[in-house]
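Biologist: Could you walk me through the labels on this structure? I'd like to hear what stands behind each one.

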Amino acid sequence: MKHIPSGIEIKCSKERSQGKNRFFARRLLVEKLENQVLGIISSKRKEIKKIHQQKKKRSKRAKEKKFTIKKENFYKKRDEEKSNLLKNTSNIKLHYEGHRKRLKDKFFSNGLYNLADYEVLELVLTYVVLRKDVKILAKELIFNFGSLKQVFDASLKDLIKVKGVSENIATFIVFLKKFASFYCFLDIKKKSVLDSPEKVYSYLMSSIGTEQVEKFYILNLNSKNEILSCLELESGTVNKTYLNTRKIAELALKHNAVSVIIAHNHPSGILVPSKNDVHSTYSIKKALEIIDVFLLDHIIVANNKYFSFKEHNLLCKR
């Protein structure tokens, strides 16, 4: 049999139910108030952040404006000072004004032999470096290489390593050295016949006497021993050049040579021919005889001296 609650129990149950409802209602109210407070705090934070950003932008613009004004004033003041300086110094000549003209006048009046080494090089540099004082650079080059001659003997790579020397300057210096050699060749070709080792040496010394690697030349001559052509045949390492006998014969035929003089340098400075030099010379002589071309001489150049196979009777030795 079921228990039927009395009136008091029902009343208590209702009161408990109403109490729970009031609790949840208060809780919802508190959460709502908390959300409202958090919303207000968040909006205030955004406003404060916005205000700070605006202040920061205004401050940045003010600084930029101040810097711009300061910069304009600086350049304006500098221009004024420059203008005043030019006005004050318009009648004053600088020490290097007219220096190039004086150097050229000295050259035309006294020649190269009366110029100092650095002045010769300075005069050369004036034709490749425009509107700039090159005296310091000329002295720097001579100091680095030891002498004026060694400056002109230097390679393109070594010249470019010097501070202040551009590729154009280095190329011009190397060109002058090659041109001097070419001029000697033209002079010999026009005025002389190569009828002695001394005349051959006078040309070869300017062309291969100062080379840092071994080079081999062939001089093709006509029946009067006049130069038809002078060609660089091979360029080897510091102490060895490989001679191409067939190529020498081909060049002799190509230039209609009656006779040939071959020559090479010894960068080591040793003037005595090696066994390989003697053997190669004999092989070349025999190859040229087949095509009716005579080998007149083989010249070795080293240390401002020469060695002639003809003078030492080595052309016929094997």
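Below we take the labels one by one.

Modeller: Some ground rules come along with it. This is a predicted model, so local features need pLDDT of at least 70 and side-chain atom pairs count only at pLDDT 80 or more, while totals for chains, interfaces and linings use all residues. Residues are numbered from 1 along each chain as its sequence is written, and side-chain values use heavy atoms, with hydrogens and water left out.

Biologist: Fine. What makes R78 and D79 a salt bridge?

Modeller: A salt bridge here is a side-chain nitrogen of Lys or Arg within 4 Å of a carboxyl oxygen of Asp or Glu. The closest N and O atoms of R78 and D79 are 3.8 Å apart, so the pair counts. By this rule the count comes to 10 salt bridges.

Biologist: And why is R78 called partly exposed?

Modeller: Buried means under 20% relative accessible area, exposed means over 50%, and partly exposed is in between (1.4 Å probe, protein chains only). R78 has 44% relative accessibility, so it is partly exposed. D79, at 41%, gets that label too.

Biologist: How do you know that K101 and D105 form a salt bridge?

Modeller: Their closest N and O atoms are 3.2 Å apart, so they meet the cut-off. Both lie in helix α2 (residues 99-110), four residues apart, about one turn of the helix. Helices here are DSSP runs (H or I, at least four residues), numbered from the N terminus. K101 has 57% relative accessibility, so it counts as exposed, whereas D105 has 37% and is partly exposed.

Biologist: What is E122 in contact with, then?

Modeller: Contact means heavy atoms within 4.5 Å. Leaving aside neighbours within four places in sequence, E122 is in contact with H99, L103, D133, V134, K135 and A138. E122 itself is found in helix α3 (residues 117-125).

Biologist: Why are α3 and α4 called oblique?

Modeller: Angles under 35 degrees count as roughly parallel, over 145 as roughly antiparallel, 65 to 115 as roughly perpendicular and the rest as oblique. The axes of α3 and helix α4 (residues 135-145) come within 8 Å and cross at roughly 120 degrees, so the two are oblique to each other. The contact involves residues of α3 including L121, E122 and L125, and residues of α4 including K135, L137 and A138.

Biologist: Last one: what makes I169 buried?

Modeller: I169 has 4% relative accessibility, so it counts as buried. It is in helix α7 (residues 167-191). Leaving aside neighbours within four places in sequence, I169 is in contact with L125, V128, V129, L137 and G164. The C-alpha atoms of I169 and V129 are separated by 7.6 Å, though the two are 40 residues apart along the chain.

Conventions:
Axes fitted to C-alpha atoms, helices over the stretch in contact; angles between N-to-C directions.
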